[in-house]
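Welcome! Please take a moment to look over the sequence and the 3D structure, and then read on for a short tour.

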Amino acid sequence: MAEIRRKIGSQAGPSLAPEYNFVIVEGSDDILGECSLHAVDYRNRVGQIGICIWKEQDRRHGHASDAVGQLLAWARGCLGLQRIEAWVNDGNQASAALFVRLGFVHEGTLSRRYFALGRWHAVRVYGYLTTSPSGFAAVSE
Ligand SMILES: CC(C)(COP(=O)(O)OP(=O)(O)OC[C@H]1O[C@@H](n2cnc3c(N)ncnc32)[C@H](O)[C@@H]1OP(=O)(O)O)[C@@H](O)C(=O)NCCC(=O)NCCS
C-alpha cells in the first residue's frame, strides 16, 4: 500500500509522466486491484496497459473491464494517445480473453521475451486504436 501511494504521488502534478498507476476501488476504500498505463511514448502517442484484480473472489465481476474501459477513455481524452498495447504472457488466457473482448487485436507474439521462474516465455502483443470507432486495430497497417 505504501508503495502504491508513493507511485501515485510521484505521478501527480502538472507535468506529463511516463507512467500512471491507479487503484481499482469498490465503495469508498475497498481496493480490489491495480491498473496502470506505462511505457507512455508521447511522440508516437502510444502506451501499454496493465491490470490486476488481486483476489480470486473479486474476479469475473466485470471490474477489470470497467477499469480498462475507463483507462482507455482517459488515455485518449486526457493524454491524447492513439494506440494502447497490452503485452500478455503466453498462456494467460484470462487476460487475453479480457483484452479481446474489449476490442484489442492480437497483432503478434514475441518469442522468448520474458524470463520468469527459470525459463523463457513468449509474450503476445494486443493492440487497440483509440481513434478507430470500434477500437479495432487494423493489423495490416
Ligand atoms: C485478467 C484479469 C485482470 C481479469 O479481471 P476480471 O475482473 O476477472 O475481468 P472481467 O470480470 O472484467 O472479465 C471480462 C471478460 O474477460 C474474460 N475473462 C476474464 N477472466 C477469464 C478467465 N479466467 N478465463 C477466461 N476468460 C476470462 C471473459 O470473457 C470475461 O467476461 P465474462 O465474465 O462475461 O465471461 C484477472 O483475471 C487478473 O487480475 N489476473 C491476474 C493478473 C493478470 O494476469 N493481469 C494481466 C496482465 S497483462
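This is a predicted model: local features need pLDDT of at least 70, side-chain atom pairs count only at pLDDT 80 or more; totals for chains, interfaces and linings use all residues.

Residues are numbered from 1 along each chain as its sequence is written.

Let us begin with the sheet. Its 6 strands form an open sheet in the order S1-S2-S3-S4-S6-S5, with mixed pairing. Strands (E, at least two residues) and helices (H or I, at least four) are DSSP runs, numbered from the N terminus. Two strands pair if DSSP finds at least two bridges between them. S1 and S5 are the edge strands, each pairing on one side only. S1 and S2 run antiparallel and are joined by 7 bridges; Val 23 has Glu 34 in S2 as its bridge partner.

Now for the helices.

| Helix | Strand | Angle between directions |
|---|---|---|
| H2 (residues 63–77) | S3 | about 160° |
| H3 (93–101) | S4 | about 160° |

Angles run from 0 to 180 degrees between N-to-C directions, with axes fitted to C-alpha atoms, for helices over the stretch in contact. Contact means C-beta atoms, placed from the backbone, within 7 Å.

The buried residues of H2 include Ala 64, Val 68 and Leu 71. They fall within an arc of 135° (taken from the directions from the helix axis to the C-beta atoms), so they line one face of the helix. On the other side of H2, Ala 73 and Gly 77 are exposed. Buried means 20 or more other C-beta atoms within 10 Å of a residue's own, exposed 12 or fewer, and partly exposed in between, with C-beta atoms placed from the backbone.

Key:
The expected span of a helix is 1.5 Å times one less than its number of residues. Two residues are in contact if their C-beta atoms, placed from the backbone, lie within 7 Å.
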